[in-house]
Amino acid sequence: MLTDARLMELVRAERRDEAIALLLPAFRRKVFGLAYSFLRDREAAEDVTQEVFIKVWRALPGFDGRASMSTWIYTIARNASLSALRARRPQSSLSDPEVMEAVEAIDPAPSADVIVDRTAILRLVDQLPTKQRQVIMLFYMEGQSHEEVAAMLAMPVGTVKTLLHRARARLSAAVGNVSATA
Amino acid sequence: MSTPDSELAKHLQALFGGLDTSAGFDARLMARVRAESRTDAIEAARHARQQERARYRRAVLELQHSRRSMLRLLTLDTLGIALLLVAAVVTAGPRLSREVMEISSQYGPYVAMLLGVLIAAVPLVGMWAEQTRRPIRLL
């Protein structure tokens, strides 16, 4: 089982590669999701994810265990994502054709209605305020808990719940409107 | 029957639930980690070599400094001995017997010259030894 103590042990034994090999399956999707929630671009998010793990690997000897490993990794991931966001030129959107293709690829054979619904929902999510969008994406990514999303975004759990509630209400209202006009 | 909220949740889960990196991500990352690891090892070795060179250079400089100090000390020592000898001769001179005085007046200049040569030779020999010894080469 992956514990901070086990990781510290590996770092002390100068076995950082093994530590990263343990961290990777536990945090890869979370870091990728976090980067994606900032960047909204799969390729950029993947690059950031790789950078985050390389940074973690480099910084592991300096990890003092004052914060938990997950908090530490999420902080690195947030900072790396924000840097990548600042360095980026035009901002891509969840409604980009590339993203649409990725969405369609999730379900191998969705019905036409489902594609329309998901495309519409993606557009609606894209229009949400940044924090609400991030919370929605991270919460529904592999069923994260409120606490996990709060840790990932460095927010109080209450704020996450509020943002999630507002985002859902906004999306429900918007979906209602879309259905009514369709 | 599903409510619109649960429908929405289902769609959101379908949209974001499968969010993951592309295939081969882990292998690419681990390859990069290994490459970084090698670069790190090379860099660490270079750093260690640099540190060792600096330490050796410091040791050589200290050794050279200490040799010069020894040479100075030896010169001053010889000079001190010569002065003491002169002082001893001057102090003890009047009390010496006539025979000794005669011998000393006969050989005095030679003794003085020998002392002078000795005093002059000590730093010269020291300098010669310093210049002809095998030079200390830096790594």
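1. In this predicted model, the side chains of R28(B) and E46(A) form a salt bridge, with an N to O distance of 2.8 Å. The pair joins two chains, because R28(B) belongs to helix 2 of chain B and E46(A) to helix 3 (residues 42–59) of chain A. The two partners fall into separate accessibility classes: E46(A), at 13% relative accessibility, counts as buried, whereas R28(B), at 38%, counts as partly exposed.

2. A further salt bridge links the side chains of R28(A) and D26(B), at 3.0 Å from N to O. This pair also crosses between chains, running from helix 2 of chain A, where R28(A) lies, to helix 2 (residues 25–92) of chain B, which holds D26(B). Is R28(A) buried or exposed? With a relative accessibility of 15%, R28(A) counts as buried, because the class requires a value under 20%. D26(B), at 26%, is classed as partly exposed.

3. Over all chains, the structure holds 13 salt bridges.

4. Within chain A, the side chains of E18(A) and R15(A) meet in a salt bridge of 2.9 Å, N to O. E18(A) has a relative accessibility of 37% and counts as partly exposed; R15(A), at 35%, likewise counts as partly exposed.

5. Helix 1 of chain A spans residues 4–12, and its buried residues are L7(A), M8(A), L10(A) and V11(A). Viewed down the helix axis, these buried residues lie within an arc of 160°, and therefore line one face of the helix. The face turned away from the buried side carries the exposed residues A5(A) and R12(A).

6. Which helices of chain A are included in what covers the buried residues of helix 1? The cover includes helix 2 (16–39) and helix 4 (69–87) of chain A. Just after helix 1, E14(A) adopts a positive phi of about 55°.

7. On the surface of chain B, a nonpolar patch is formed by I103(B), Y107(B), Y110(B), V111(B), M113(B) and V117(B), which together have about 650 Å² of accessible area. Among them, Y107(B) is located in helix 3 (residues 98–132) of chain B. Y107(B) counts as partly exposed, at 44% relative accessibility.

Definitions and conventions:
Residues numbered from 1 in each chain as written. Chains lettered and ligands numbered in written order. Predicted model: local features only at pLDDT ≥ 70, side-chain atom pairs only at ≥ 80, totals over all residues. Heavy atoms only, no water. Buried < 20%, exposed > 50% of the residue type's maximum accessible area, 1.4 Å probe, protein only. Helix = DSSP H or I, 4+ residues; strand = E, 2+ residues; numbered from the N terminus. Arc of directions from axis to C-beta. Contact = heavy atoms within 4.5 Å. Patch = residues over 30% accessible without salt bridge, like charges linked within 9 Å, V, L, I, M, F, W, Y side chains within 5 Å. Areas by Shrake-Rupley, 256 points an atom, 1.4 Å probe, with all protein chains shown as cover. Salt bridge = Lys/Arg side-chain N within 4 Å of Asp/Glu carboxyl O.
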